[in-house]
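Reader: I'm new to this, so please take me through one model slowly.
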Amino acid sequence: MSQYNPFETAQAQFDKVAEMLNLAVATRKLLRNTAREFHFNIPVAMDNGEVDVFRGFRVLHNDARGPGKGGIRFHPQETIDTVRALAMWMTWKCAVVDIPLGGGKGGVICDPHNLSPREQERLCRGWVRQMAKHVGPLSDVPAPDVMTSAQHMLWMLDEYETIHGAKYPGFITGKPIGMGGSLGRTEATGYGVVFVIREALKDMDIRPEDTTASVQGFGNVAQYAIQLYTQMGGKVIAVSCWDQPDSKAYTYKKNEGVNLDELLPITDHFGSINKDKARELGYEQLPAEAWIEQDVDILIPAALENEINQESIQKVKPRVKIIAEGANGPTTIEADEIIQKQGIFMIPDFLANAGGVTCSYFEQVQSNMNYYWEKDDVLGRLDNKMTSAFIAVYDLAKKKKLYMRDAAYVIAIDRVASACKNRGWV
Ligand code: NAD
């Protein structure tokens, strides 16, 4: 079993920049730990008449800049330290794109593949029943994450509104369109990743149509990143995903380029491609780690944490110029040092994948106004936010000769530390 602890990674990243910023001891103490945590049981009546009990979490890392914000992940390997790390990264993410929100995260240890829709609904409602007093539009706003969907969010909203006896569409984001959701939210994270890749390529004077990419994951983030990148002329030659029947991941490769139109119809709601049908369509089926070994210009990890580590980084080909972290925490501290030494252009997670939370923020604004914007309006605003955040980080990195991740942290931590100080917390 892996010893990797994402919260230790998040804390180590923070400590490095806290030192650079010479942060006061109390500020470090405040920001390297979570503000509050909930661990709870969720009893669920199963379809077979028995009751199963699932473990749920909600963590708020910091809310100095605004209400907590962060997804709820359903995953069999969910741990409290993963939730803590993700909550902390949410704080930095909201700060780096300068939206008035703090960082939170939630989760349930479960595999929704093994739950019927009714069981999933009861689990969602059960999570809200445990947390209803501690989350809300003005305190902590949940959203979807790995293996949770718009439908899960709507069940959660319905339970929250039933408990509170009024309509609170701003309680949760990632809702279905027409039920308080924002146009563009589904695309937002993947598109955001590509907006910042576009900016990085511009600076390198490389045309997107002259580049290739390999992507880990084939869920929400990966699919929309592939869509926009392909529209810009880029070619994705490999994707990887989890295969439920085999309980392991595979990479699917096609040299002429991955075609979303043929892959999406053979992919389930959880982003698992049907391997037999993929083979029939001419995709080469390779081991899970093959995505990172491809001779491409851009790597986009868009699955889980800890995937670019001391071992896998050795397999990265010299041609790779950009790593754009669609996933949260895909790179370990050791691998990050190697990437920095090799001079690969790193677009760190909390900048690269901030499109989701930025659009969630737009969704909340629209929900609270009960007035909804056109899709082009949402995506245009998203592009502006992502592009200006990228430029601010890149300018600082160039000016101070900083690694991109460190530059992003400097901006984010400085904003959050100032908010804590200005509120009189430290
Ligand atoms: P998702 O559940 O839609 O997709 C996850 C994908 O990863 C699936 O294709 C799954 O098969 C694949 N996967 C799982 N284990 C794998 C493995 N071991 N190897 C290869 N593939 C594997 O999730 P998502 O929403 O696309 O999120 C992906 C990552 O992006 C997560 O780290 C998440 O925290 C992060 N993220 C998501 C959003 C968002 O808006 N969805 C926003 C910011 C960050």
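Reader: How many residues in the lining of the second largest pocket are nonpolar, polar and charged?
Author: The lining of that pocket has 2 nonpolar, 7 polar and 3 charged residues, where Ala, Val, Leu, Ile, Met, Phe, Trp, Tyr, Cys and Pro count as nonpolar, Asp, Glu, Lys and Arg as charged, and the others, Gly among them, as polar. This is a predicted model, in which local features need pLDDT of at least 70 and side-chain atom pairs pLDDT 80 or more, while totals for chains, interfaces and linings use all residues. Residues are numbered from 1 along each chain, and side-chain values use heavy atoms, without hydrogens or water.

Reader: OK, and which residues lie nearest the centre of that pocket?
Author: Of the 12 lining residues, Y4, N306, N309, T332 and E334 lie nearest the centre. A pocket is an open set of points on a 1 Å grid over the protein atoms alone where a 1.4 Å probe fits, with protein on both sides within 12 Å along at least five of seven lines, and lining residues have an atom within 4 Å of a point.

Reader: Switching to the ligand, what surrounds it?
Author: There are 26 residues around the ligand (a heavy atom within 4 Å), and R73, T189, F218, G271 and N328 are the closest. By class, this shell holds 12 nonpolar, 10 polar and 4 charged residues.

Reader: How far is the side chain of N328 from a ligand oxygen?
Author: An N or O atom in the N328 side chain is 2.8 Å from an oxygen atom of the ligand.

Reader: Why does the ligand lie between two domains?
Author: Domain 1 (37-168) and domain 2 (186-352) both give residues to its shell, so the ligand lies between them.

Technical notes
Polar contact = N/O pair within 3.5 Å; in protein donor to acceptor, adjacent residues only side chain to side chain. Domains from an automatic or database assignment.
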